[in-house]
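Student: I would like a close look at one part of this model. Please keep it plain and take me through it step by step.

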Amino acid sequence: MVIDLAVDQGGDLVLDGQNDLKLVDGDEELLQCVRDIILTNLGEWFLNPEHGFPRYRVLGEKFDRERVTEELIAAVLQEPRVQSVEEITWDFDRKTRKLSGTFRFVDQNGNVIEGVF
């Protein structure tokens, strides 16, 4: 079982009620990993330039909604514990330049997992 430090939607570490770092495991840890891939710009992490979503390449002036969806699915599938993506919905707020959405995927054990980014 994989255990990781918990981070919130903004990427900040989460403390438990006693000012200790919160840990996550199981589905919550897997959701956090998938969310991290989507929220990391492709090439941003120097230790793995293939990790992430090509945000600047697909969310430019003339973006194609279908292509963005395809790239989001490809990003989710970068996580080796994800077997298939069942659904992904998203919205891009041009004014705030914020990408948000929901996803549902099947993990390596056949469990359906849903999350937000």
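Student: What volume does the second largest pocket have?

Tutor: The second largest pocket has a volume of about 200 Å³. A pocket is an open set of points on a 1 Å grid over the protein atoms alone, where a 1.4 Å probe fits, with protein on both sides within 12 Å along at least five of seven lines. Grid points are joined across faces, edges and corners, and the volume is the space filled by probe spheres set on the points.

Some ground rules. This is a predicted model, so local features need pLDDT of at least 70, side-chain atom pairs count only at pLDDT 80 or more, and totals for chains, interfaces and linings use all residues. Residues are numbered from 1 along each chain as its sequence is written, and side-chain values use heavy atoms, with hydrogens and water left out.

Lining residues have an atom within 4 Å of a point. For the second largest pocket they are Val7, Asp8, Gln9, Gly10, Gly11, Gln32, Arg35, Asp36, Leu39 and Thr40. By class, two are nonpolar, five polar and three charged. Here Ala, Val, Leu, Ile, Met, Phe, Trp, Tyr, Cys and Pro count as nonpolar; Asp, Glu, Lys and Arg count as charged; the others, Gly among them, count as polar.

Gln32 sits in helix 1, residues 26-39. Helices (H or I, at least four residues) and strands (E, at least two) are DSSP runs, numbered from the N terminus. Is Gln32 buried or exposed? Gln32 is buried, because its relative accessible area is 10%. The cut-offs are under 20% for buried and over 50% for exposed, with partly exposed in between (1.4 Å probe, protein chains only). Which residues does Gln32 contact, beyond its neighbours within four places in sequence? They are Asp4, Leu5, Ala6, Val7 and Val24. Contact means heavy atoms within 4.5 Å. Val7 is also part of the pocket lining.

Leu5 leads us on to Leu15. The two are ten residues apart in sequence and 9.5 Å apart in space, C-alpha to C-alpha. Leu15 lies in the loop between strand 1 (3-5) and strand 2 (23-25). Leu15 is partly exposed, because its relative accessible area is 46%. Leaving out residues up to four places away, Leu15 touches Asp20, Leu21 and Lys22.

For contrast, turn to the largest pocket. About 350 Å³ of space lies in it. It is lined by 15 residues, and Arg55, Phe92, Arg97, Lys98 and Leu99 lie nearest its centre. Strand 4 gives the largest share of this lining, three residues. The classes are six nonpolar, four polar and five charged.

Strand 4 (residues 98-107) runs antiparallel to strand 3 (residues 82-93), joined by ten bridges. Two strands pair if DSSP finds at least two bridges between them. Strands 3 and 4 form a hairpin with four residues between them, and Arg97 in the turn has a positive phi of about 60 degrees. Strand 4 also pairs with strand 5 (residues 112-116), antiparallel, over five bridges.

Last, the whole. The protein chain has three helices and five strands. Along the sequence the pattern is β-β-α-α-α-β-β-β. Buried residues make up 35% of the 117 residues.
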